[in-house]
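Have the viewer open as you read.

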Amino acid sequence: MPERSPRDETEVDVGRRLFFRRFATDVVTAAATVVGAAQQLQQQSMDAARDILGMEDGQAATASDSAAPARADATASSGAASGFRTPFRWDGDGLHLIDQRKLPDELVEVDIRTAADGAWAIREMVVRGAPAIGQVAAISMALQAEQAPEAPFAFRAVIRGAATALRNARPTAVNLGWAVDRILDRYEAAGGTDGDHEAIVAGLRSEAESIVFEATTDHGRLASFGVDALPTPEGRPLRILTHCNTGPLACGQYGTALGVVQVAHHAGRSVEVFVDETRPYLQGARLTAWELRQAGVPHTLIADVAAGHLMSRGEVDVILVGADRIAANGDTANKVGTYTLAVLAARHGVPFYVCAPTSSVDLTTPTGAQIPIEERPADEVLQVRGLAIAPAGTQARNPAFDVTPADLITGILTEEGLLRAPFGTALVEAKRTAAERWVRERPFWADPTPSPTSPADEKASVEASAAFAPDGSDEVVV
Ligand code: MRU
């Protein structure tokens, strides 16, 4: 990013406040009134970002061809807009992802044109964060459909192959499979091998746009419910601790836990954020600190292992984290280290909130024990940004997520409001109301046929309801 003087910072801050105010209203109104709302949303946020940063049209914050990955069909865009509010832009030329591996040093984009590109970008963590990878998977399938052969059975093979590649790119975040299933359901609803080719391609695009649009709206709703749930200390800032990265880079537009933080800040609440560095991949240090700095939110980076010390001194008022998958009983998989924080929070009486849209709720997984936990390469532990920190030949384990049991969670913040224990019944209900709301409020430009609840979801919802003990004790029958 270019150097900025203190005066620039003040101007940026005023501009940013205006941006947030304008964005908050525009995002749900103007975007709903145009065809191609996903692109509209992204264009709005980029235009606003350009205003804030004082950039000319088409001027990139940083984009260098030398940063292109060693991959012929996924190259760094030149002349791309900054797009710092979102992890991706989608236009007539394909999908452009911010390369999150290079942040905070460089802001460059990678072009995605096929489902294979999308799967590669998700696997390599060019894009990461549960809601973001779901949206990127859906768009990648829509892009693939545009290039697939017209012959119905060949088309079906391509779409199903794309779905498999994307679904398998990362195992823990359920939003990935959820989004892929929505695209597949849309394909079937449009007639599958008996459907009209053009109508199917348009339908898949519309479904991907709906997924992005709904995520934006839902994360905005979640953030406003979250602000209402925050403690209100007298005469001093609210001290929030967060882990990993749950901001726009991970989610698109607002973010989840970090969306709550940013909306609270821009609503005039006095907040200070302790940002866990989030070893080993450093999402907190690299990405959350970067986003909070851009948003002007006061924050302090801490080593993950310092969290207990701060809590023991009474320096943390509340913990907000995201989720990669919430099981039917409320057990929650999130970035490794979350469980440790929850145990410490219980020890010190600090409220511990999980912030996630209902698309992160997986009613087909009864408890946390059944959530697949991704094991990532040992090098991420053995090195810090390429620099070895252990003797050559040292063995390392790298589980990327852990599971926080439901009984350590104070509440789950969703787009349907704050859920309290017993979570099982509350999660079933939240998923149902979210699905019903989107049937009611589906924007006119979206194809009216499908419902955001897939047949698999509906079946799971019925089974999950039946699995919970009638006394509300949430005992799961596995
Ligand atoms: O491995 P990542 O960076 O994709 O991890 C996912 C996450 O960003 C976090 O676990 C987050 O808290 C949930 S997604 C908003």
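This is a predicted model: local features need pLDDT of at least 70, side-chain atom pairs count only at pLDDT 80 or more; totals for chains, interfaces and linings use all residues.

The chain folds into 15 helices and 16 strands. Of its 478 residues, 58% are buried.

Now for the helix packing. Two packed helices are described by the angle between their axes and the distance between the axes.

Start with helix 3 (residues 115–123) and helix 4 (residues 130–147), whose axes come within 8 Å and cross at roughly 160 degrees. Angles over 145 degrees count as roughly antiparallel, so that is how helix 3 runs relative to helix 4. The crossing is right-handed. On the helix 3 side, Ala-115, Ala-116, Gly-118 and Ile-122 make the contact, and they meet Ile-133, Val-136, Ala-137, Ser-140 and Gln-144 of helix 4. Sorted by type, these contact residues are 6 nonpolar, 3 polar and no charged.

Next, find helix 7 (residues 197–229) and helix 9 (residues 257–266). Their axes lie 8 Å apart, at an angle of about 65 degrees, so the two helices are roughly perpendicular. Helix 7 also passes helix 9 in a right-handed crossing. Here Leu-222, Ala-223, Gly-226 and Val-227 from helix 7 touch Gly-259, Val-260, Val-263 and Ala-264 from helix 9. That contact splits into 6 nonpolar residues, 2 polar and no charged.

Technical notes
Residues are numbered from 1 along each chain as its sequence is written. Side-chain values use heavy atoms; hydrogens and water are left out. Axes are lines fitted to C-alpha atoms, for helices over the stretch in contact, and angles run from 0 to 180 degrees between N-to-C directions. Helices (H or I, at least four residues) and strands (E, at least two) are DSSP runs, numbered from the N terminus. Angles under 35 degrees count as roughly parallel, over 145 as roughly antiparallel, 65 to 115 as roughly perpendicular and the rest as oblique. A crossing is left-handed if the near helix is turned anticlockwise from the far one by less than a right angle, and right-handed if clockwise. Contact means heavy atoms within 4.5 Å. Ala, Val, Leu, Ile, Met, Phe, Trp, Tyr, Cys and Pro count as nonpolar, Asp, Glu, Lys and Arg as charged, and the others, Gly among them, as polar. Buried means under 20% relative accessible area, exposed over 50%, partly exposed in between (1.4 Å probe, protein chains only).
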